[in-house]
Amino acid sequence: MSDAIEHHLVHRVGWLRAAVLGANDGIISVSSLIVGVAAAPGASAPGVLLAGAAALAGGALSMAAGEYVSVSSQADTERADLAREAAELERAPAAETAELAAIYVRRGVEAGLARQVAEQMMAHDALGAHRRDELGLADESGSRPGQAALFSALAFTVGAVAPVLTAALVGRERVTQAVPLVALLLLALLGAVGARAGGAPIGRGVARVTLLGALAMSVTAAIGRAMPVGGV
Ligand SMILES: [Zn+2]
């Protein structure tokens, strides 16, 4: 992935699956929260909507903050590793050449050839060779915390909007049926897209995400029904 969306989750699973996972989060967490509040006998229509909107905003910001911190600290670690590597290359170039050659030998290259490859790599781009082959880091363009944060928040929001809109459009008494229905349909759809993108069996992907979503909504509904609240 070159200058597209940079994101550590994206690097691991591809941008489509990262978007699907973020949207799943938004659907499951916000639907569960809405169903939990709506299941409480005393909850009003505005109370249910307020809870949904707050869950959407809070969830999106939490995703953004979490992703920002995670990608930034990853970038700090990589920068520190590279600085240490650059200092070693400066201080002991011969030892670093031998180190590189040893890495290629371990990967199956014959010793004389490994030595030649290491020497040519050192002459061409010593730090780049050590970054890839010793530290195992991909391109330096890998970490953009702001972009990663925005991507996560957007993916979550796209998922979270559906249950909030559903709750706003159906009557108060239908929320506990309509929101789970819409949420499970969307989760099934996204499960199929995610499985397809990852080359995994579609039926299994759909079953897993819809079962877990249904479980989350059942738990919060049970909690909501058990709450002795009135006039939320
Ligand atoms: Zn090295």
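## Order of elements

From the N terminus onward, the elements of the chain follow the order α-α-α-α-α-α-α-α, which amounts to eight helices and zero strands, where helices (H or I, at least four residues) and strands (E, at least two) are DSSP runs numbered from the N terminus. The model is predicted: local features need pLDDT of at least 70 and side-chain atom pairs count only at pLDDT 80 or more, while totals for chains, interfaces and linings use all residues. Residues are numbered from 1 along each chain as its sequence is written.

## Overall extent

The chain is more spread out than a compact globule, because its radius of gyration is 25 Å, well over the 17 Å that the globule rule gives for 232 residues; the radius is taken over C-alpha atoms, and the rule is 2.2 Å times the number of residues to the power 0.38. Along the principal axes, the C-alpha atoms fill a box of roughly 75 × 35 × 30 Å.

## Packing of α3 and α5

Helix α3 (residues 45-91) packs with helix α5 (residues 111-133) at an angle of about 130°, their axes being 10 Å apart; axes are lines fitted to C-alpha atoms, for helices over the stretch in contact, and angles run from 0 to 180 degrees between N-to-C directions. The contact (C-beta atoms, placed from the backbone, within 7 Å) is made by L82, E85, A86 and L89 of α3 and by A126, L127, H130 and R131 of α5.

Key:
Two residues are in contact if their C-beta atoms, placed from the backbone, lie within 7 Å.
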